[in-house]
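Subject: A structure for you to explore

Hello,

Here is the structure I promised to pass on to you. Please open it beside this email and follow along as you read.

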Amino acid sequence: MTHSVRRIGRTLALVLPVVMVLSGTLAVTAVPWAASNSDSQMLTASARTVSDAKGAKAAAKARTPQDVLRDRLLLELREKDPGVALTDLQRAVEGRPSLARHCMSIAKALGKAAVEQYGPTRAHRFSRPVCDTSFASGVAQFS
């Protein structure tokens with residue numbers, strides 16, 4: 001009896017770590033780390049050729065995540081109002097902390113666009129403490 005229990009224990013001691021490592025690796029590869037939208041397609045490393053990789057690097061340099069976010073928020077500011085854009089900026093930074101270092105510049109750009117669209121007095125009404133009040137700073141700078 002004890003011999004069979006030891007044998008099962010040894011087998012589990014060898015097999016369990018392998019299963020845990022493989023399941024963890026598979027879980028990490030299934031998460032779309034870089035993509036925030038649902039229509040992105042995940043590719044394996046073998047699915048790209050060298051020329052595709054060079055083209056992807058050039059495209060990545062042209063459109064960084066903060067540029068995409070800035071453009072989306074500026075469009076949202078024009079279609080709705082600066083308050084909605086600032087709320088979405090805060091949510092985007094909370095969702096992707098890597099965007100935090102660009103938050104101030106994006107908020108200033110939103111402030112500038114708000115001044116252009118609404119004028120300095122009305123644009124100041126939308127100010128809120130997002131990214132160390134950079135929106136208000138942008139409004140004041142471009143007033």
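Let's start with a pair in helix 4: Arg-91 and Asp-88 are 3 residues apart there, so about one helical turn separates them. These two form a salt bridge, and their closest N and O atoms are 3.9 Å apart. The cut-off for a salt bridge is 4 Å between a side-chain nitrogen of Lys or Arg and a carboxyl oxygen of Asp or Glu, so the pair at 3.9 Å counts.

Are the two partners buried or exposed? Arg-91 is exposed, with a relative accessible area of 57%, whereas Asp-88 is buried, at 17%. Leaving aside residues up to four places away in sequence, Asp-88 touches Arg-72, Leu-73 and Glu-76.

Before that, a word on the whole chain. Please keep in mind that this is a predicted model. The protein chain has 7 helices and 0 strands, so if you write down its elements from the N terminus on, you get α-α-α-α-α-α-α. Of its 143 residues, 25% are buried.

Another joins the side chains of Arg-70 and Asp-67, at 3.1 Å from N to O. Both residues sit in helix 3 (residues 65–79), 3 residues apart, which means that about one helical turn lies between them. Asp-67 is partly exposed, with a relative accessible area of 23%.

There is also a salt bridge between the side chains of Arg-63 and Asp-71, with 2.6 Å from N to O. Here Arg-63 is partly exposed, at a relative accessible area of 43%, and Asp-71 is partly exposed too, at 36%.

How the helices pack

Now look at helix 3 beside helix 4. They pack at an angle of about 155°, and their axes are 8 Å apart. That angle makes helix 3 roughly antiparallel to helix 4. The crossing of these two helices is right-handed. From helix 3, the contact is made by Leu-69, Arg-72, Leu-73, Glu-76 and Leu-77, and from helix 4 by Pro-82, Val-84, Ala-85, Asp-88, Leu-89 and Ala-92. Sorted by type, the residues of this contact are 8 nonpolar, no polar and 3 charged. Here is Asp-88 again, in helix 4 (residues 82–95), and its contacts Arg-72, Leu-73 and Glu-76 are part of the helix 3 side of this meeting.

Helix 3 has another partner in helix 5. Their axes come within 10 Å and cross at roughly 25°, which makes helix 3 roughly parallel to helix 5. Helix 3 passes helix 5 in a right-handed crossing. On the helix 3 side you can find Gln-66, Leu-69, Arg-70, Leu-73, Leu-74, Leu-77 and Arg-78, and they meet Ser-105, Ile-106, Ala-109, Leu-110, Ala-113, Ala-114, Gln-117 and Tyr-118 in helix 5. The residues of this contact divide into 10 nonpolar, 3 polar and 2 charged.

Next, follow helix 5 (residues 103–118) to helix 7 (residues 134–141). Their angle is about 45°, with the axes 7 Å apart, and that makes helix 5 oblique to helix 7. Helix 5 passes helix 7 in a right-handed crossing. Among the residues that make the contact are Met-104, Ala-107, Leu-110 and Val-115 of helix 5, and Phe-135, Gly-138 and Val-139 of helix 7. This contact divides into 7 nonpolar, 5 polar and 2 charged residues.

One last stop

Finally, find Arg-122 in helix 6 (residues 120–124). Arg-122 is partly exposed, with a relative accessible area of 42%. How far apart are the C-alpha atoms of Arg-122 and Val-139? They are separated by 10.0 Å, and the two residues lie 17 residues apart along the chain.

Enjoy looking around!

Best wishes

Note on methods. Residues are numbered from 1 along each chain as its sequence is written. This is a predicted model: local features need pLDDT of at least 70, side-chain atom pairs count only at pLDDT 80 or more; totals for chains, interfaces and linings use all residues. Side-chain values use heavy atoms; hydrogens and water are left out. Axes are lines fitted to C-alpha atoms, for helices over the stretch in contact, and angles run from 0 to 180 degrees between N-to-C directions. Helices (H or I, at least four residues) and strands (E, at least two) are DSSP runs, numbered from the N terminus. Angles under 35 degrees count as roughly parallel, over 145 as roughly antiparallel, 65 to 115 as roughly perpendicular and the rest as oblique. A crossing is left-handed if the near helix is turned anticlockwise from the far one by less than a right angle, and right-handed if clockwise. Contact means heavy atoms within 4.5 Å. Ala, Val, Leu, Ile, Met, Phe, Trp, Tyr, Cys and Pro count as nonpolar, Asp, Glu, Lys and Arg as charged, and the others, Gly among them, as polar. Buried means under 20% relative accessible area, exposed over 50%, partly exposed in between (1.4 Å probe, protein chains only).
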